[in-house]
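Please keep the sequence and the structure in view while reading.

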Amino acid sequence: MTGLGHVGVITDTGRKRRRNEDAYVCEPPLFAIADGMGGAQAGEVASRLAAAALKESGAKTLGGEQRISDLIQEANRRVYDRSSTDPNTSGMGTTITVALVENGNVAFGHVGDSRAYLIRDGRMEQVTEDHSLVNELLKSGKLSPEEAESHPQRSVITRALGTDPDVDVDTFTIAAEAGDVFLLCSDGLTDMVGESEILELVERNRQDIGVALKSLVKAANRSGGEDNITVVAFEIAESQMLTHDGQTRENVLSAPSRDDEVTLTEADAVPAVDTAVVSTAEIQAEVEAQERQERAKRRRRRRRRVVAWLVLIVIAAGIALALYLRFLR
Ligand code: MN
């Protein structure tokens, strides 16, 4: 019997982009990443709407490929509806790669050029197929793998979520084995770091998924960090273990507890699902906000102490006055 082992996620803006348009879901047994595209901040809106839709519909009801396909269709509708009603987001879209672990199987759903990899027995295999122009050219023999690697239109995708009322979703299932590591990653990793290096970094840091993920982001930034980098990793272990909150949280890098806020109305859905973007500036801002709160709390406590003393003094004075008046009589 196999089950989920350690899980982890990391996201980084990279070196060249101002914003992080990647979003992720890391809510065992449901995992996903989305890489948004569109002008202005529309890419961010698309990927976060899609991630929010998945989280909301959630992993509560299992159901393998069919379930994933339904989840992705629902996410597609939400992104599409928004882009057809909000001119600021018109034409936006996102990739989506979803994995659901149940009964020793991992079911996948996939649209776009984000990737899922399986690391098993020291080998790494891409299990999703890129829906990209370059991959089409590769398959038809018009490009060699070397040409594909540096092709200027490398980021052009042939299928996206949210650009049409319906989306064609690839689904498939892999029978999991104890020791498997699955990676979901955006092209900010795979365009910057070769597969052999990804494999090596994960294998070398196998005992700590968090460290492994950090090393992947570092490698991507070292080679230029041209795009946002997001990786979700989950491990398959012998029997059910470590999926309770405490343990998984520990490994969820850069996922603040604001996770619970996901949701709500169309209007605030996007800012609320802020977990995917954790820049150092935001962490700094959060730390400062906490310090401010602490200081305010201390001030309130001091004020309350002063008020308590004043009340005591007034009562004591009242008693003294009462006694004095009585003795006078
Ligand atoms: Mn990207």
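Donors are N, O and S atoms within 2.8 Å of the metal (3.2 Å for Na, K and Ca), and sites may look incomplete because water is not among the atoms. The model is predicted: local features need pLDDT of at least 70 and side-chain atom pairs count only at pLDDT 80 or more, whereas totals for chains, interfaces and linings use all residues. Residues are numbered from 1 along each chain as its sequence is written, and side-chain values use heavy atoms, without hydrogens and water.

At the metal site, Asp35 (OD), Asp187 (OD) and Asp227 (OD) coordinate the manganese ion at 2.1 to 2.2 Å. The spacing of these donor residues in sequence is D-x151-D-x39-D. Aspartate 35 belongs to strand β3 (residues 30–37) and aspartate 187 to helix α5 (residues 187–190), so the pair ties together parts that are 152 residues apart in sequence. Helices (H or I, at least four residues) and strands (E, at least two) are DSSP runs, numbered from the N terminus.

Buried means under 20% relative accessible area, exposed over 50%, and partly exposed in between (1.4 Å probe, protein chains only). Aspartate 35 is buried, at 9%, and aspartate 187 is buried, at 7%. Isoleucine 315, located in helix α10 (residues 280–328), is partly exposed, with a relative accessible area of 47%.

Confidence remains to be considered. pLDDT is the predictor's confidence in each residue, from 0 to 100. The protein averages 85, and 84% of the residues score at least 70. Over residues 240–280, however, pLDDT stays under 50. Where pLDDT is low, the predicted coordinates should not be read in detail.

Conventions. Contact = heavy atoms within 4.5 Å.
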